[in-house]
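Have the viewer open and follow along by residue number.

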Amino acid sequence: MPIDCVLYADTGMEFPEMEAHMAKLDALLFRERGIHITTLRHPHSFEWLMFDEPKQKPSSLEKRARRGIPPYGNGWPGMAVRWCTGELKTHIIRKEVNRLKRERNALHYIGIAADEAHRCKDAPQNRYPLVEWGITEAQALQICYSRGFDWSGLYEIYHRPSCWCCPLQRINDLRELRRRHPELWARLRDMDDRARSMFGPGPLGQFKKDWSVERLEKRFAREEAEGA
């Protein structure tokens with residue numbers, strides 16, 4: 001299939017192994033297709049959006065004032081408000097895709113797997129090759145492995161290695177993050193301490209339901225001591 005451009009939205013919060021994978025993939029694309037990955041980034045960082053973005057809507061400002069919450073920052077994302085996906089991935093990719101469709105009448109190949117076909121959207125110039133070919137997510141991963149792309153084991157360690165700071169990841173993935181990436185775990189603790197200090201015990205300051213990163217640290221340390 002002809003490919004003229006490959007888009008990648010970099011959140012700035014990817015695992016180091018994922019960054020290395022993207023560099024390796026870029027080399028393959030250039031070698032086999034003569035193109036490089038086009039990396040899209042939000043003009044501000046994840047942490048700026050989380051802590052510093054000023055709120056504009058009067059209703060939001062009034063609501064925050066009533067609750068004693070600062071008029072800036074989005075706090076931790078959650079199932080109800082996944083601002084991180086919208087701001088750092090969906091919006092910037094959609095903007096670039098729409099530009100390419102408009103200016104070059106481009107087809108948009110989207111890598112949704114056959115077992116996630118419910119996510120497909122019936123939009124002009126969209127194609128879903130993996131769905132058309134009946135390739136599942138597990139099969140796609142095996143194809144990557146067969147070509148020498150193993151993400152340094154990320155998919156064997158984590159259930160779904162998205163952003164390392166994601167509050168929606170499983171407890172066991174957080175346990176592995178603490179064990180295997182202590183430098184990232186330390187950053188996560190700092191972020192959570194700042195969020196709780198700024199936003200208090202509500203959703204914006206709550207990392208996970210019933211769990212702060214500090215409480216998880218104590219739990220994991222206790223588990224290690226009991227298993228020793």
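Setting aside neighbours within four places in sequence, L177 is in contact (heavy atoms within 4.5 Å) with F15, Y158, W164, P182, L184, W185 and L188. Please keep in mind that this is a predicted model, where local features need pLDDT of at least 70, side-chain atom pairs count only at pLDDT 80 or more, and totals for chains, interfaces and linings use all residues. Residues are numbered from 1 along each chain as its sequence is written, and side-chain values use heavy atoms, with hydrogens and water left out.

**Nonpolar cores**

- L177 also belongs to the largest nonpolar core, which has 33 residues; F46, W164, L177, L188 and M191 touch the most other members.
- Two or more residues of this core come from each of α2 (46-51), α4 (83-104), α8 (171-180), α9 (182-199) and α10 (213-227).
- Helix α9 gives the largest share, seven residues.
- A separate, second core has five residues, including Y8, M22, L29 and I37.
- A nonpolar core here is a set of buried Ala, Val, Leu, Ile, Met, Phe, Trp, Tyr and Cys residues joined through side-chain atoms within 4.5 Å.
- Buried stands for under 20% relative accessible area, exposed for over 50%, and partly exposed for anything in between, with a 1.4 Å probe and protein chains only.
- In soluble globular proteins, nonpolar side chains tend to be buried together.

**Helix packing around α9**

- The axes of α8 and α9 are 5 Å apart, and these helices pack at an angle of about 115 degrees.
- On the α8 side the residues are L174, L177, R178, R179 and R180, and they meet P182, L184, W185 and L188 in α9.
- Sorted by class, that contact has six nonpolar, no polar and three charged residues.
- For α9 and α10, the axes come within 8 Å and cross at roughly 135 degrees, and the two helices are therefore oblique to each other.
- W185, L188, R189, D192 and R196 of α9 make this contact with V213, E214, L216, E217 and F220 of α10.
- Its class count is five nonpolar, no polar and five charged residues.
- Axes are lines fitted to C-alpha atoms, for helices over the stretch in contact, with angles from 0 to 180 degrees between N-to-C directions.
- Angles under 35 degrees count as roughly parallel, over 145 as roughly antiparallel, 65 to 115 as roughly perpendicular and the rest as oblique.
- For the classes, Ala, Val, Leu, Ile, Met, Phe, Trp, Tyr, Cys and Pro are nonpolar, Asp, Glu, Lys and Arg are charged, and the others, Gly among them, are polar.

**Aromatic pairs**

- W151 is buried at 9% relative accessible area, whereas Y155 is partly exposed at 31%.
- W185 and F220 form a tilted pair, 5.8 Å centre to centre with 50 degrees between the planes.
- W185 lies in helix α9 and F220 in helix α10, so this pair ties together parts that are 35 residues apart in sequence.

**Whole chain**

- Of its 228 residues, 38% count as buried.

Key. Helix = DSSP H or I, 4+ residues; strand = E, 2+ residues; numbered from the N terminus. Phe/Tyr/Trp six-rings, centres within 6.5 Å; stacked < 30°, edge-to-face > 60°.
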